[in-house]
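Please read them with the structure open.

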Amino acid sequence: MSILPVLIFGTFALLFMAVAVISFVMFYQRRVIAHQLQIQQKEEEMQRELLRATLKAQEDEMQRIGKDLHDDIGLKLISVKNKVIGGLMNIKKETDEANYLEQAKNDLEAIRNEIRSISHTLYPSALDLNGLSFALEKICKDLNGYEGIKISFRLVGEYKKEKREAEITLYRIALECINNAIKHSCATEINATIHYTAQNILLEISDNGNGFDASDLMKQSGLGLKNIQSRAKAIGAELKFESSKSGTKVSIKYFLLEQKNQ
Amino acid sequence: MRYTFFLACLSSATIILPLTVAFIRAKSVFQNQRLLSFYLMNHFISEVITISMALNKMRNLETMLFFSFIEGILVILLYKSVIEEISIKRFLTILLPFYILGFLGVYVFLDFKLFIPSFTYPFHQVVMLVPLLLFFADRMKRMNEIFLSENPMFWITCGFLFYYSGSIFYFALHDTLFIDYPAISKNGWLIHSTMLVVMNLFLAMGIFKIKKA
């Protein structure tokens, strides 16, 4: 027997084994990484679920307080106000007592309006009754002219009712963004736009204020950005901040198809 | 004979490739840079000396063996410093004296009286496979840390693995080929040269993957 086939066959057999070892190690790593990715995804999903549950509990509590304020304290204030009005009818006008009661009636009215406003923020009944688009339009109308800022709303596409959890989250994010713009941006104009497409809902809040550095703000605490981020994460929405010296734009994209598939 | 010699020179010259890459990446961050540099220098010097000896028609087999012995020690030390698993590290600590004693023992008792060393080279090649396989075993325990293709030692190990496994048969049949089948010996040398080129390419790739400082 010639030695050449032995040499060639032996060498190729060992080379094949070397290739097999390398391929096995690479394949094994791919599997390990895929497995870890799967675990990571599950952990992220669990975290999101936890966040959702926390936000839901918070939302329920806010809703309960809002309803209590509106139905219980609001009614009691009306009752006190009616008693004051009754008292006013029984005393002479233009006296000190009448002036005190008149003042008390006005103060009660102001308190009632304040409580109504707080209760509507805590429990946006417009959202449940007429949907996100209407609730946002209403809040923009209510806030328009506040501190001299022009606040406008625009609906693009046809409104479609979505899950309450998604609508309330988008509503809260929009409110937080408008609130931030009013408080920190020195803007004279705020625009809220909601786009409805077959695939997603895109909410955009822009202002013509002096902008901010998002990365700097994220490091600090107590500035609603973290709150906005965690709310967006809870519903699996994509959040984008664009800021320059000529203004800020916050975009939140909520994917409809993905949610339906879940 | 001239063809074989030309082939040997050509394949040996490919060591310049990893050396050049190592020179470019001189300021890189790699914990085993010194050992790797020693290995490349040893490789380069051995090629220069053995080829010079061959050119002057001098017997260079023992010189090659000496450099292979140094190479073996450097490879084991390199993997001892790379491997993180303590039990595998301990195994390599035992492997080093085993290799030194084994290499010298095989040469003195089996090959010393032979015209062509027939046992020392295969022993060297087989022992060299051990740290390489242990490196993969160690990496398999740390799969999540880094992608293998991004690890310089992965490429270097692949190069060594191809070279040492691919040339075992050639070295095992070295004396038979040289004495009884001189015509076939040329083909054996071709296999060895190819493996050497492959190893140098992998070494260059591995050194290229080392991150810059």
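Which residue forms a salt bridge with A:Arg64?

1. The partner of A:Arg64 is A:Glu61, with the closest N and O atoms 2.9 Å apart. A salt bridge here is a side-chain nitrogen of Lys or Arg within 4 Å of a carboxyl oxygen of Asp or Glu. A:Arg64 and A:Glu61 are separated by about one helical turn because they are 3 residues apart in helix H1 of chain A. Side chains of opposite charge can pair when their charged atoms come close. Over all chains the count by this rule comes to 19 salt bridges.

2. Basis of the note. This is a predicted model, in which local features need pLDDT of at least 70 and side-chain atom pairs count only at pLDDT 80 or more, while totals for chains, interfaces and linings use all residues. Residues are numbered from 1 along each chain as its sequence is written, chains are lettered from A and ligands numbered from 1 in the order in which they are written, and side-chain values use heavy atoms, with hydrogens and water left out.

3. Confidence. The pLDDT is the predictor's confidence in each residue, from 0 to 100. Chain A has a mean of 86, with 94% of its residues at 70 or more; chain B has a mean of 84, with 93% of its residues at 70 or more. Helices (H or I, at least four residues) and strands (E, at least two) are DSSP runs, numbered from the N terminus. Where pLDDT is low, the predicted coordinates should not be read in detail.

4. Domains of chain A. The assignment (automatic or from a database) gives domain 1 (57-122) and domain 2 (130-261). Their C-alpha centres lie 32 Å apart. The contact (heavy atoms within 4.5 Å) takes 7 residues from domain 1 of chain A and 6 residues from domain 2 of chain A.

5. Area between the domains. Domain 1 and domain 2 of chain A bury about 470 Å² between them, 30% of it on carbon and sulfur atoms. Buried area is the accessible area (1.4 Å probe) that two parts lose on being put together, summed over both. On the domain 1 side, A:Glu59, A:Gln63 and A:Thr121 lose the most area, together 69% of what that side buries.

6. Pairs between the domains. The rule finds 2 salt bridges across this interface of chain A. A:Glu59 forms a salt bridge with A:Arg231, their closest N and O atoms being 4.0 Å apart. On the domain 1 side, helix H1 (3-90) and helix H2 (96-122) of chain A each give two or more residues. H1(A) has the largest share, 4 residues. By class, that side has 2 nonpolar, 4 polar and 1 charged residues.

7. Chain B against chain A. The contact takes 26 residues from chain B and 23 residues from chain A. Chain B and chain A bury about 2200 Å² between them, 85% of it on carbon and sulfur atoms. B:Met140, B:Met143 and B:Phe169 supply 25% of the area that chain B buries against chain A, more than any other three residues. The count between the chains is 0 salt bridges.

8. Make-up of the chain B side. Helices H6 (120-140), H7, H8 (168-172), H9 and H10 (182-209) of chain B each supply at least two residues. H7(B) gives the most, with 6 residues. The residues of this side divide into 20 nonpolar, 6 polar and no charged (Ala, Val, Leu, Ile, Met, Phe, Trp, Tyr, Cys and Pro count as nonpolar, Asp, Glu, Lys and Arg as charged, and the others, Gly among them, as polar).
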